[in-house]
Amino acid sequence: MAKGLLLTYALWAVGGPAGLHHLYLGRDSHALLWMLTLGGGGVGWLWEFWKLPSFVAQANRAQGQRQSSGRRTPPLSLIRFAAQMIVGIYFGLVALISFSFMANFYIVGLPLAIGLGVLLVAAVGNQTSDFKNTLGAAFLTSPLFYGRPIAILPISLAASITAQKHRRYKASFGSETLSVRLYRLGLAYLAFTGPLAYSALCNTAATLSYVAETLDSFLSWFSFFPLLGRLMESVLLLPYRVWRLLVGDPGFSSTYFQEWEKLYEFVRSFQDEKRQLAYQALGLSEGATNEEVHRRYRELVKIWHPDHNRHQTEEAQRHFLEIQAAYEVLSQPRKPRGSSR
């Protein structure tokens, strides 16, 4: 049955950010992408207004038969490449918030999440890319930036370049029933949103801390690229500005600098609290010197090393990990409050 342009526009207007029009046209990857990003933050949804006729024409041409895998390589698209980068970073941030507490997260979880985000964009429309090579590039890049949230950027870049290098048209396949397609989309949506919802609802404090730490790392990195940094600041401030527009704040001036001050202080408050907890874990007062921190760390490691506490292994392991985490926090140089502004 041929797809109708008027119905497509109606679905785009009613449920466009949720990908209803893409589901109608059989563009399931695009539908899932819109479900997970709310229509690309609304920007992609609005931009599609002019693209819908070509989407409908493509769906009608492909009815009953997809493009042959033997066709030539699709043309290079800078827009698709940029979208792969952005969605890869987005998936990485969500994974960092939801799974960073897991062992080997930076080796397995983070590159897997970023690679899947890049592949999702690569599979939009009539194109796709090589699954193994794209994920392989992500996994090979992750050890180079182990333990640092900024790893999201180079991993996403490597996976996006690889996905573009191995881009191809989708092979032909038979049509599937709507129920099967909805089932598959539902599972993918739950796999993405389930852990994030659990972290936000059941572990709110830790989730906010992860968000603040990641944001702080990004702001520090972008300070070397002023133009890109200002663009990133505008993106980060967008939800905050929407919130202020809805709730209002008559006692607060709407200048850009003051908005940034408030957001920055909000992030820094979590970093300060994290250092305070680290001092408490080591039994030190705030403002202890680096020598005192190092000496106290060595003492506690000897006391709580699991090999020295075989009669209470679990408790020793817990204290040992807390001591290591606290020492790692205090070992990082503390930036002045005005350094990133």
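**Figure 1. Overview of the chain.** The secondary structure of this predicted model comes to 15 helices and two strands, taken as DSSP runs numbered from the N terminus (helices: H or I, at least four residues; strands: E, at least two). The chain has 341 residues, and 40% are buried (buried: under 20% relative accessible area; exposed: over 50%; partly exposed: in between; 1.4 Å probe, protein chains only). Its accessible surface is about 19600 Å², with 65% belonging to carbon and sulfur atoms (Shrake-Rupley method, 1.4 Å probe; for residues, only the protein chains shown count as cover). Of the contacts with a separation of 6 or more, 68% join residues 24 or more positions apart (contact: heavy atoms within 4.5 Å).

Residues are numbered from 1 along each chain as its sequence is written, and side-chain values use heavy atoms, with hydrogens and water left out. Because the model is predicted, local features need pLDDT of at least 70 and side-chain atom pairs count only at pLDDT 80 or more, while totals for chains, interfaces and linings use all residues.

**Figure 2. Helix H1 against helix H5.** H1 spans residues 5-15 and H5 spans residues 52-61. Their axes come within 10 Å and cross at roughly 125° (axes: lines fitted to C-alpha atoms, for helices over the stretch in contact; angles: 0 to 180 degrees between N-to-C directions). H1 and H5 are therefore oblique to each other (under 35 degrees is roughly parallel, over 145 roughly antiparallel, 65 to 115 roughly perpendicular, the rest oblique). On the H1 side, Leu5, Thr8, Tyr9 and Trp12 meet Leu52, Pro53 and Val56 of H5. This contact has six nonpolar residues, one polar and no charged (nonpolar: Ala, Val, Leu, Ile, Met, Phe, Trp, Tyr, Cys and Pro; charged: Asp, Glu, Lys and Arg; polar: the others, Gly among them).

**Figure 3. Helix H7 against helix H8.** H7 covers residues 105-122, and H8 covers residues 131-141. The two pack at an angle of about 135°, with axes 8 Å apart. That angle makes H7 oblique to H8. Residues of H7 in the contact include Ile107, Pro111, Gly115 and Leu119. Their partners in H8 are Phe131, Thr134, Leu135, Ala138 and Phe139. The contact of H7 with H8 divides into eleven nonpolar, two polar and no charged residues.

**Figure 4. Surroundings of Leu300.** Leu300 lies in helix H14, residues 290-304. Leu300 counts as buried because its relative accessibility is 7%. Leaving out residues up to four places away in sequence, Leu300 touches Ala281, Leu282 and Ile323. Leu282 is 18 residues from Leu300 in sequence and 7.7 Å away in space, C-alpha to C-alpha.
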